[in-house]
Amino acid sequence: MNNQRLVILLLLIAYIFSPTLFTWIVNPEGAWYRPYIMWVIVIIIAYAVQARKKPS
Amino acid sequence: MTFELTHVALLCLLYLLVIFGIATLTERDWIPRKITEHPITYVMSLGIFASAWAFYGVIDLAFQFGYGALAYYLGTGALFLFAPVLLEPITELARRHQVHSLADLLVFRYHSHGIGALTTLCMLLGILPLMALQIQAIADTMHILTVSRDPAIPVVGTGLTFKDLMALTYCGILALFTVLFGSNRERHRGLITAMAFESLIKVFSLMAIGLLAVYGVFDGFGGLENWLERNPENLALLHSPIREGASHTLLLVFVATAVTMPHIFHMGVAENPILRNTRTVTWAFPLFLLFLALPIFPILWAGFELSVPLPAQYFTIGVPILAESPVLTIIAFIGGLSASTGAVVVITLALSTMVMNHWLLPFLRLRRRQDIYSQLVWLRRAVITSLFVGGYLFYWMLDNRQSLFHLALVAFIETLQFLPGIFAIVFWMRGNRRGVIAGLTAGTIVWAVGMLVPMLTGIEDIAVPFGDGSLSVGMSHWSEITLISLGLNTLIFVGVSMLTRQTEEEAYSAELCAADELSHPVRQALDVHSAGDFKSRLAKPLGKVTASREVDLALRQLGLSISERRPYALRRLRDQLEANLSGLIGIHVAGEIMDNHLPYKLAEARDTVDINLIENRLSQYRSHLTGMAAELNNLRLYHRKTLQELPMAVCSLGRDKEILMWNRAMAVLTGITSDDVIGSHLDDLAQPWCELLGNFSQGEDAHLYRHEINLGGRPHWISLHKAAIEGPSSSRRVPQPGYAKVEDDQVILLEDVTETQLLEQELIHSERLASVGRLAAGVAHEIGNPITGIACLCQNLRYDTDNPEVLDTADQILSQTDRVTRIVQSLVSYSHSGQNKKSAFEAVILRECAAEAISLLSLQKDKKYVYYDNEIAVNAIIAGDQQKMIQVFINLLSNARDASEVEGRVILESSEDDDNITITVTDDGEGIAEEHIDQILEPFFTTKDPGEGTGLGLALVYSIVDDHGGTLDIVSPVDRDRNRGAQILIKLPRHLNSLLTGTPVVSEASYEGGTEQ
């Protein structure tokens, strides 16, 4: 349960490092829809994670 | 391309009617529940998140910030992606305590009504710009569609432009809709379905415009790529603003919206059972946002390509107009209309709840005798209407000077100020109300001075006594103002919280709210003792009818009955009532009513941990526990099961004598199931357990051996043992003054020793019989010799004299010594009984034995004349000693004869089953007194006159029967009506060989029928 604080910390770190990540995602070299592709991947991962969980 | 105003107005009306219709159909259950309760419907209803700002304003955002615009979606999307961690604790809290708004949640956690009022104020200030945004978007798009009529011309005599009038009409219709659908107390299923529908329209129309942009304007994706290559400045526009860092702040602003924005909180937390749908929400909502975000850039570029003569914020509607597509123009307009409609309706509902609960109800005294429910509904309607008026006035004051982007920013940055307070609800228990009030006030002041006031008045700098004397404010500095206000807010919140102390109540609420579900809810005592008392207590503040209705509702929800007396159940009832009343009249007033009329007695049981509640919660959260917590829970379940299945009765008591555990053996022993007793007070137990356990738990002794109690008319013996349990320590456990002796919880073990007790009694009895036998043998031996001597001397005397007097004396002496010899003989035979070897047993025909005994008795001419009816069956054959059995009959029959009247009747009968033969000897005498029945088998017990009997007859019978492996029972009286007669029942094992051969080992029954004397 206290792990949640770690998750918060993780989010904070993610927030701090997000500009770097963001810069990479929106790299002008890539296609303009690259962020959307990343977004779709995240959704697929989230769906897979939820689908794998046992129903409560 | 323009449209007739009447057509547009009709379209608006038609759309609102459709939404209205969907809500009505859902409320009346005409739309299948499979659809209205589907997780996707819930997820879509969360789509009110995307207001007109997401429909129109975001294009402007994309124009200004490029990819930064995606922050709007990504922030909220991320929050929902991590919903199980970030949102679920809050939604769970809201569900458990019936929290209906952000203000309620803050009041609940920080236990301060001031926070409720302040939150409502800040929320109103922050949200009015957002409402104005929606109204402005509708007014503007209607203006764009019907521009040929030039609605900007003031309408004669009103001072309002025609556009303003359209906006006013729109507000009026929406207010009506909201009043009709949002003001009653039930879960607004109709509203949810309607909002899901409007989200669907919204996403559909935005996608349609996006496809128009790609295929209609650019001839497909290939064309778009070519266009981008030809116009590289548009691609550069995507990337360059990000590096300036403002988009980072933008992300921060938008991340918080899902919890701080009142309409999203209302839809996501208060209305929606989001908890059930967390799994779907985590991926489905980001997907929904993706669909909303996809068309943004194509629409922006199409706008550039077509050179739409409108600001970027209205490209969504401008592109289809310039592409000469009336259908898509209408679709775009409807999409925008639905976006703002949904947002405005839910915002007003959420704000009306806050205003009612935190501004009005605490100060209004509702007239109790009348129907409180209809008063509340009307009050809410009034509040909703005034909110619409307020939103419209704000729109009118701004007079179209601000872009949608600016209006949205102002709103978002103010709601962002709630983030530290909300964060601390779940994740930081030390945060306190002073911190929240100070931080929120500071943040809001910075925001108001930096953004709200400049927006209304148009000032750009303010004079300050430091620096260069003036400070630039206004929309252009939004990024700095955001960081300063939020930073200052957080700093002050943390600082003040660290420096000041929480009140006890606040700490209690903080524990309840903490994400750490394994915290220890403290058990508090109530001073009401039954569910019925709740009604009478609540009748004062609520009125009789309302109180009764609310208590009945809460009882139904908990599955309890009105006769409930268990403290545990009553505490649940109080919590449920408080939660229900919070939903009705707000957490502030409900809390006040509860504290005044159904207070907890804090002082007494402060540190008593509510084990039942912990158990209850753990079983609810079982599936949520992972890792170590899950292991510990399994361990807990194992230990619990061990105790439950322990083959010995165990119960445990709290220090306030509340029953916390009651295992299966205990339920079997007492006949009271654990469901009925867990959580009740010891005093409410049924007798004799209440007295037994009560006295024992209060007593000094840790053990009580063989306490006799009466259960079901039979005596039982119970041994009790107890030990103290030091309850789970509370983090707030501080030694209370006046607690010289800290009492602990107790575990009590009950041992049913009835069987052992009975066996021991039997053992003692036979031990006594054995010692009597040994005594008798000794006495017989000691007396026998001198008596023989006396008899010999007396014989001699008879030959030595002729004196008749002496001879007579000698005869007397001889007859007395005979008598002594007989007594001694019977003593000897009694003491020798029990020494028979069963191997020496032979077949004995009981009928013959009885006949022999009868003939012997009939020789005693000096005794009473009675009839003997020997009806023992011929085949009643047992394995035994014949002489002993004759002795048995002689003893029984002579007793029966002595008890009978002259010419009475003594009946001998027999019956048999597979293994045993039962013979009965029944007389018609005066019977055996009840108090003598227990003693009658003891040696030397006799009711006859002294000298008449030795008291060994029946004892000898018993001992012989016992030697033969039989049993003896006595029934008296036989004839209950006349209260006369006694019956001796002897059950003996039958002789198995005779049964096998089938031929009785009988010569011939010597005596037929009865022999009489």
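**Notebook: helices in chains A and B**

I started with helix α20 of chain B, residues 326-360, in this predicted model. At 1.5 Å a residue, its 35 residues should span 51 Å, and I found the end C-alpha atoms 48 Å apart, which agrees.

Next I asked how many residues of α20(B) are buried. The count is 30 of the 35, so the rest of the structure largely encloses this helix.

Then I turned to a helix pair in chain B: α22, residues 404-416, and α25, residues 478-499. I looked up how they pack, and the angle is about 15°, with the axes 10 Å apart. Because angles under 35 degrees count as roughly parallel, I noted α22(B) as roughly parallel to α25(B). I also wanted to know which residues make the contact. On the α22(B) side they are Leu409(B), Ile413(B) and Leu416(B). From α25(B) come Trp478(B), Ile481(B), Thr482(B), Ser485(B) and Leu486(B). Is the crossing of α22(B) and α25(B) left-handed or right-handed? I have it down as right-handed.

On to chain A. I count 2 helices and 0 strands there. Chain A has 56 residues, and buried residues make up 11% of them.

I checked the UniProt record too, an unreviewed entry: it lists residues 7-26 and 32-49 of chain A under "transmembrane region". What does the model show over residues 32-49 of chain A? That stretch is 89% helix and 0% strand, and its end C-alpha atoms are 28 Å apart.

Terms used: Residues numbered from 1 in each chain as written. Chains lettered and ligands numbered in written order. Predicted model: local features only at pLDDT ≥ 70, side-chain atom pairs only at ≥ 80, totals over all residues. Helix = DSSP H or I, 4+ residues; strand = E, 2+ residues; numbered from the N terminus. Expected span 1.5 Å × (residues − 1). Buried ≥ 20, exposed ≤ 12 C-beta atoms within 10 Å, placed from the backbone. UniProt positions renumbered as here; feature names shortened; annotations may be inferred. Axes fitted to C-alpha atoms, helices over the stretch in contact; angles between N-to-C directions. Parallel < 35°, antiparallel > 145°, perpendicular 65-115°, else oblique. Left-handed = near helix turned anticlockwise from the far one by under 90°. Contact = placed C-beta atoms within 7 Å.
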